[in-house]
Amino acid sequence: ERCQPVRGRLFAGSGQRQTMATGFVSDVEKPPTALEPSAAAASPSTAVLVRRLWWLMLFVGFAIVEFVSVGPSTQYIILTFFASYHGGGDCERTPSSGPCRAAAGNAALYTGVSSGICSCVGAVMALSLGSVSDRLGRRPVLRLRTWLSLLPVATLALHVFHGQTLWLFLIASPVFRVFDISGVLLAVITDLVPEKTARASAIGFFITFCITTVMATLPLAGLLPMHTLVLISLAATVMKLMFVYTVLPESSLSMSGEQELKDVFSTPVVALRVFLRHGFIFRMAFVLVFSSLGFAGVNTVLAPYLTAYLSLTRAEGSGLLLSSVVSGAFGLAIGVGPLVANFGEIGALQACLALATAFPLLLVACTTPGQVCFLASILGAPLFMLAPIISGIKSNLVTQDEQGLVQGGLACIANLATAIADVMFGFLYMYATEHGTTKSRSSVFPLFFICASLTGASWLLALSLPRRLPPPLAWSSKVAGVSIVAPLLGEGAAVSTA
């Protein structure tokens, strides 16, 4: 009833483009979709992206040096600590010895349970932090994250330099990981790159920078002495603290600090309404669930499997990570753009998930660390390409003022799925290897088959998605008291729009 019949010319933009229209038009402007960009929404160049994202790149760069520098060493510190309960031994020098193989089982169980607990709490944190950052700004969240990063770094230094028990680090690390800001970081990128058609490329560029930083750090992590690496990690933490209080700006221009705190606690209900908005978002959420289950299973099982059964050393582990990130950087640099341009975002998602399904199956055929390194160098690219593709899809499904909510909500879903997989695969590894006493590596093969099945389910769900993305519609947008999302509900779940 609010629509008016019109005849004549409707001018768009500055008047250089015009269309003839007859019939009915709504008084609510139709939002542009990802497949219908405006003339002004040209993709920014690399130089423009650097000028927009430079401070975010520095922030994440400090964090990468802070944790990647000690990452390979931390695995062997934990193994040696647990090996002390089974007779002792240096697991960096003899990773396949009896005590270290038993320690790998303990480490898998600890990783599964601790990651499961912190992922459950982190799921709520990711959802709430995305909404909080929409209201109070991104900077306070990033500052709090920086302070929390001191916990694992300081407790690890106490163990290495002063011989304090490693349990302080084993407790502090999950506490830090609970504070998941992945949704906030993605929301920052959407703040700085308002062009919807350029977000997938911007996320890919940002991840490429992260991978490049990891590539520069990993050789040092594999070659330098452990004590030197811990000092580097401490220095990076101090520099990041100085950065967030002297340089870090605020990116969110739509924050509303006057919002009541009770709105934050209603975030899960609002996020659920977003995910039930239509069938596309609903299915994308389940694609993320099953892929997160499969990836988390591989992450939980792979590290103890490689050290206990393939005798992976710290230097070889650094080389494995380096080959993976080099392949990922190659895929992000020259693969994401052409793949999305030729097959669309959904086609690119389907192709990458198919290769991700094959990865755990091919791991079974690898008998040496060199073969695993070769496999990672081949399939690392599609695995890394999944991140910008999925992030680009989900950021184009909602309006600008809901970016923090949806990014945090999907991070919440991924965390819950990861929590389930971490605990499940931690116990399954202990059961399959008989608490690390089994000498045959084939005892771990069923776990890789389960991971492939979960990722395969995600791939099959992705095949059911339509190739065309639905337009981003706000839940609160209404015409004459009727939600404008109502026509879309026929495709997905029924939602009350009272």
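View 1. Helices here are DSSP runs of H or I with at least four residues, numbered from the N terminus. Trp-167 is called partly exposed because its relative accessibility is 36%; buried means under 20% relative accessible area, exposed over 50%, and partly exposed in between (1.4 Å probe, protein chains only). Together with Tyr-85, Leu-151, Ile-171 and Val-175, Trp-167 makes a nonpolar surface patch of about 500 Å². Helix α6 (residues 167–178) gives the largest share of that patch, three residues. To join such a patch, a residue needs over 30% relative accessible area and no salt bridge, and nonpolar side chains (Val, Leu, Ile, Met, Phe, Trp, Tyr) are joined within 5 Å. The areas come from the Shrake-Rupley method with a 1.4 Å probe.

**View 2. Inside the nonpolar cores.** The largest nonpolar core has 59 residues, and among those with the most contacts inside it are Trp-55, Leu-142 and Leu-349. Helix α1 (residues 46–68) supplies the largest share of this core, 10 residues. A second, separate core has 53 residues, including Val-160 and Tyr-309. A core is a set of buried Ala, Val, Leu, Ile, Met, Phe, Trp, Tyr and Cys residues joined through side-chain atoms within 4.5 Å. What does Leu-349 touch, not counting residues up to four places away in sequence? Its partners include Met-284, Ile-393 and Leu-465, with contact meaning heavy atoms within 4.5 Å.

View 3. The whole structure has four salt bridges, each a side-chain nitrogen of Lys or Arg within 4 Å of a carboxyl oxygen of Asp or Glu. In the one between Lys-240 and Glu-66, the closest N and O atoms are 2.8 Å apart. This pair ties helix α9 (residues 226–246) to helix α1, with the two residues 174 places apart in the chain. Lys-240 counts as buried because its relative accessible area is 2%, and Glu-66 is buried too, at 0%.

**View 4. Arg-314 with Glu-92.** Here the closest N and O atoms of the salt bridge are 2.7 Å apart. Arg-314 lies in helix α13 (residues 314–334), while Glu-92 is in the loop between α2 and α3, 222 residues apart. Arg-314 is buried at 9%, but Glu-92 is partly exposed at 24%.

**Notes.** Residues are numbered from 1 along each chain as its sequence is written, and side-chain values use heavy atoms, leaving out hydrogens and water. In this predicted model, local features need pLDDT of at least 70 and side-chain atom pairs count only at pLDDT 80 or more, while totals for chains, interfaces and linings use all residues.

Methods:
Patch = residues over 30% accessible without salt bridge, like charges linked within 9 Å, V, L, I, M, F, W, Y side chains within 5 Å.
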